[in-house]
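Have a look at the model first, then read on.

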Amino acid sequence: MTKIAVLGAGKIGEALLSGLAQGGRAATDLMFTEKHESRARALTEQYGFEAVTVPGAAERADVLIVAVKPQDIEPLLVELKPVLRPGTLIVSLCAGLPTALFERRLPEGTPVVRVMPNTPMVVGEAMSAVSGGSNATPEHLKLVEEILSAVGKVAVVPESQQDAVTALSGSGPAYFFFLVEAMIDAGILLGIPRDLASRLIIQSAVGAAAMLNEGSNHPVILREAVTSPAGTTIMAIRELEKHGVRAALLAAIESARDRSVELGRQHED
Ligand SMILES: NC(=O)C1=CN([C@@H]2O[C@H](COP(=O)(O)OP(=O)(O)OC[C@H]3O[C@@H](n4cnc5c(N)ncnc54)[C@H](OP(=O)(O)O)[C@@H]3O)[C@@H](O)[C@H]2O)C=CC1
Ligand SMILES: O=C(O)[C@@H]1CCC=N1
């Protein structure tokens, strides 16, 4: 079985490792590197994954998944370059960082695949977008798709779209959590206890997501079906439009895209 090492087991690294284990991959095929010993111990105790060093990961794993913050990439690549075995596949989850950056810093010919996943991988519902670098073959892309399909859906996209994808689905779960949090607060404003407000809103989100996922109707049709003439929903929609919520979402996602581009530019030579 393919041995996988996650370099930087923070939030997304842990989400991926735990999702892969839940998806049926043996814990013995999963390794990670982590800066903090106490966190490494906690992850090993909780899941059974082995904590390794960067040279250990490079020696034993077939696929190295880079999950450090983009700001931490340079020292990691300096450490990796002399120990990397030829043919080891590098998979980067780092927002904004182009495959060309990894290709410049690592030995010539290193295959690199850029991926933008999201945290719902902990429940097997990730959306991951995958792009191959110049040394990545269709077989490399297939392997990455196979690994990620255990934790959700996978789309292959041109790398030129990865900054936009990062803003849409990479950050996307945060927008939904923000919306849910604000709607629960609205329940508090209306005098509903927090527990009940949470149950009402979360189940409404789950139900709405299931209807969207079923896919037979466009979101506009689904919204119109809730919006009765001279009823309650249209009053709320009028306020959302008056407060520019649609424009705010367009501007917010554009701004996230711009930040992804900027994160990549910080590593230009
Ligand atoms: N969180 C998310 O939803 C998503 C994140 N990503 C991408 O995933 C990457 C990680 O994000 P996230 O998990 O949120 O960040 P975290 O900071 O939670 O995780 C990164 C982890 O890597 C550790 N680390 C840093 N340098 C090294 C190193 N050289 N060797 C081993 N470990 C190291 C960090 O330690 P310390 O904190 O002490 O520096 C931290 O524990 C980012 O590039 C991000 O763009 C992509 C999609 C979604
Ligand atoms: O906020 C971030 O930069 C990362 C990338 C996408 C989701 N989280």
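Helix α1 is the top contributor to the shell around ligand 1, giving three residues. Helices (H or I, at least four residues) and strands (E, at least two) are DSSP runs, numbered from the N terminus. Keep in mind that this is a predicted model: local features need pLDDT of at least 70, side-chain atom pairs count only at pLDDT 80 or more, and totals for chains, interfaces and linings use all residues. Residues are numbered from 1 along each chain as its sequence is written, while chains are lettered from A and ligands numbered from 1 in the order in which they are written.

**Ligand 1**
- There are 25 residues around ligand 1, and G8, G10, K11, C94 and A95 come nearest; a residue is near if its C-beta atom, placed from the backbone, lies within 6 Å.
- Two or more residues each come from α1 (11–22) and α4 (73–80).

**Ligand 2**
- A95, T166, G170 and S171 surround ligand 2.

**Strand β5**
- β5 (residues 89–92) is covered on both faces, with L89 and V91 buried on one side and I90 and S92 buried on the other; buried means 20 or more other C-beta atoms within 10 Å of the residue's own, with C-beta atoms placed from the backbone.
- In a regular strand, side chains alternate between the two faces of the sheet.
- β4 (residues 63–66) pairs with β5 in the parallel sense over four bridges; strands pair if DSSP finds at least two bridges between them.
- V63 sits opposite L89 in β5.

Definitions and conventions:
Buried ≥ 20, exposed ≤ 12 C-beta atoms within 10 Å, placed from the backbone.
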